[in-house]
Amino acid sequence: MEIFFLVAVTFLPLISLIVNSVADTDGDGSKNKNAESFEEDARLVEKRDFETLFKKHDRGIYWKCFKILGNREDAEDATQEAFLKSIKNIEQLKEARTYRRWLGVIASNICNNIIGKRKPIDHPENEDNETEEAIMNEHSTPEDEFIKKELEKAVRRAIASIKDNVDRKIVILRHYNGLRMKEIAEEVGKTRNATQLRYCRTLEELYPLLEHLKGGR
């Protein structure tokens, strides 16, 4: 566990910094705004107003998928598939107000499957050089954006290197969706302890791939 402690104090802050913009939280951190959004989702789900739900969450889900996949076309396909699956399986949603979080998990699972089907390559040539931050943050410098993009690519490649589909899914759900270990365990059909152990072992394997990035921040 000494190795995992080293991973926790170095790798986790790095990956969290890179992916935190797509976590399931609103940008302004307003609890009141969150509550209103959840209640609006609940009303829309109850009315089966999927068109409005799509318009409301399309951008957020797309950027989540792009962060994971690094390719515009794949992200668009994953976004469309996620919404279609949410419509088809809407009866499985336990709480209507948690629609956004549920949709995000569906999207991340689709992205994980896409990664699993890709041919292993060291340096993907089809990664699109765009980020949500580059569009939204007018105060960032070109150097900042370049560093951010390189870090994002490095994390994507590290996660894509995880061969086991379940292990990769655990890491994606933890870092791109912010799910707690108990929730992830339910998603992957494992006990909480078994899920935690797989998570720790996977991070230990990823650490050497990202250790050199510590100096980039």
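A residue is called buried if its relative accessible area is under 20%. The model examined here is predicted. W102 has a relative accessible area of 18%, and because this value is under 20%, W102 counts as buried. Y99, with a relative accessible area of 0%, is also buried.

Aromatic rings were then considered. The number of aromatic pairs in the model is five. One of them joins W63 and F66, whose rings are 5.7 Å apart from centre to centre, with 80° between the planes, so the pair is edge-to-face, the term for planes over 60 degrees apart. W63 and F66 are both part of helix α3 (residues 50-69), where three residues, or about one turn of the helix, separate them. Both positions are shielded: W63 is buried, at a relative accessible area of 4%, and F66 is buried, at 2%. The rings of Y99 and W102 also pair, with 6.1 Å between their centres and an angle of 55° between their planes, so this pair is tilted. The ring of F66 has another neighbour, R156, whose charged end sits over the ring at 5.9 Å from its centre.

The axes of α3 and α5 come within 10 Å and cross at roughly 35°, and the crossing is right-handed. On the α3 side, the contact is made by L53, H57, I61, K64, C65, I68 and L69. On the α5 side, the contact is made by Y99, R100, L103, G104, A107, S108, C111, I114 and I115. Sorted by residue type, the contact of α3 with α5 holds eleven nonpolar, three polar and two charged residues. Y99 therefore takes part in this contact as well as in the tilted pair with W102, as its ring lies 6.1 Å from that of W102.

A further helix contact involves helix α8 (residues 165-175) and helix α9 (residues 181-188), which pack at an angle of about 140° with their axes 10 Å apart. This crossing is right-handed. The residues in contact are V166, K169, I170, L173 and R174 of α8, together with M181, I184, E187 and V188 of α9. Six of these residues are nonpolar and three are charged, while no polar residue is present.

Within α9, the buried residues are M181, E183, I184, A185 and V188. The buried residues of α9 pack against α5, α8 and α10. After α9 comes G189, which has a positive phi, near 70°.

Helix α10 (residues 192-210) contains T195. T195 is buried, with a relative accessibility of 0%. Leaving aside residues up to four places away in sequence, T195 touches I170, M181, I184, A185, V188 and K190. Among these partners, I170, M181, I184 and V188 also take part in the contact of α8 with α9, and M181, I184, A185 and V188 are included in the buried residues of α9.

How values were computed:
Residues numbered from 1 in each chain as written. Predicted model: local features only at pLDDT ≥ 70, side-chain atom pairs only at ≥ 80, totals over all residues. Heavy atoms only, no water. Phe/Tyr/Trp six-rings, centres within 6.5 Å; stacked < 30°, edge-to-face > 60°. Helix = DSSP H or I, 4+ residues; strand = E, 2+ residues; numbered from the N terminus. Buried < 20%, exposed > 50% of the residue type's maximum accessible area, 1.4 Å probe, protein only. Lys NZ or Arg CZ within 6 Å of the ring centre and 35° of its normal. Axes fitted to C-alpha atoms, helices over the stretch in contact; angles between N-to-C directions. Left-handed = near helix turned anticlockwise from the far one by under 90°. Contact = heavy atoms within 4.5 Å. Nonpolar A, V, L, I, M, F, W, Y, C, P; charged D, E, K, R; others polar.
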